[in-house]
Amino acid sequence: MSRFDADDPRERRKLFADAIAAHRTRASAFLTLEADHDPEIDGEDSPAPWVQFAESTFNLDVDDEELTALNDLVDDFPAFRIDQLESPEEAEGTNVRITARSDANRLAAFADRVFLEVYGRDDGYRAWVTAI
């Protein structure tokens, strides 16, 4: 894998699929995908949205509104299921773990839709593979 960002929908999904394949080939602990920070969506002091993937599990943090959108999205992927929700008292959101056993392309499509439908990015958002 030699490129680490993309802002075209087709190229983003290819980037995500390549990162998932590299993660599996390298047997790395996890991979992290991140969207560019958008102060209008994320807030000035909030971090950019991210999604981690390890083995067959997605891990992400969401607020209540995003959790509702995530539940709707998971319904579109019958082989995926939300396995764990953690909402520590000191945190403002919920950490979600989703079991997702599928091929790299389907996993990539899901990750892209998380950024679009859960985190409110537009179709031309820039995504980064920040860790493999």
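Helices here are DSSP runs of H or I with at least four residues, strands are runs of E with at least two, and both are numbered from the N terminus. This is a predicted model, where local features need pLDDT of at least 70 and side-chain atom pairs count only at pLDDT 80 or more, while totals for chains, interfaces and linings use all residues. Residues are numbered from 1 along each chain as its sequence is written, and side-chain values use heavy atoms, with hydrogens and water left out.

Let's look at the helix pairs. Two packed helices are described by the angle between their axes and the distance between the axes. The axes are lines fitted to C-alpha atoms, for helices over the stretch in contact, with angles from 0 to 180 degrees between N-to-C directions.

| Helix pair | Axes come within | Crossing angle |
|---|---|---|
| α1 and α4 | 8 Å | roughly 125° |

The α1 and α4 pair is oblique as well. The crossing of α3 and α4 is right-handed, and α1 passes α4 in a right-handed crossing too; that means the near helix is turned clockwise from the far one by less than a right angle, with anticlockwise being left-handed.

Who touches whom? On the α3 side, Glu66, Ala69, Leu70, Leu73 and Val74 meet Phe110, Arg113, Val114, Glu117 and Val118 of α4, where contact means heavy atoms within 4.5 Å. Where α1 meets α4, the residues involved include Phe16, Ala17 and Ile20 of α1 and Ala108, Phe115 and Leu116 of α4.

Now for the inside. The largest nonpolar core has 35 residues; such a core is a set of buried Ala, Val, Leu, Ile, Met, Phe, Trp, Tyr and Cys residues joined through side-chain atoms within 4.5 Å. Buried means under 20% relative accessible area, exposed over 50%, and partly exposed in between (1.4 Å probe, protein chains only). The members that touch the most others are Phe16, Phe58, Leu70, Phe80, Ile98, Phe110 and Val114. Among the elements that each supply at least two core residues are α1 (9-26), α3 (64-75) and β6 (94-100). The largest share, eight residues, comes from α4. Take Ile98: beyond its neighbours within four places in sequence, its contacts include Phe58, Leu70, Phe80 and Phe110.

Aromatic rings get a count of their own: nine pairs. Rings of Phe, Tyr and Trp (its six-membered ring) pair if their centres lie within 6.5 Å, and planes under 30 degrees apart are stacked, over 60 edge-to-face, and the rest tilted. Phe16 and Phe115 are tilted, with centres 6.1 Å apart and planes at 45°. Phe16 sits in α1 and Phe115 in α4, 99 residues apart. Phe115 also pairs with Tyr119, tilted again, at 6.0 Å and 40°. Phe115 has 0% relative accessibility, so it counts as buried, and so does Tyr119 at 6%. Elsewhere, ring pairs link Phe53, Phe58, Phe77, Phe80 and Phe110 into a cluster.

Lastly, the backbone. Most residues other than glycine have a negative phi. Ala27, in the loop between α1 and β2, has a positive phi near 55° and is exposed at 66%. Glu55, in the loop between β3 and β4, has a positive phi of about 55° and is exposed at 69%.

How values were computed: Parallel < 35°, antiparallel > 145°, perpendicular 65-115°, else oblique.
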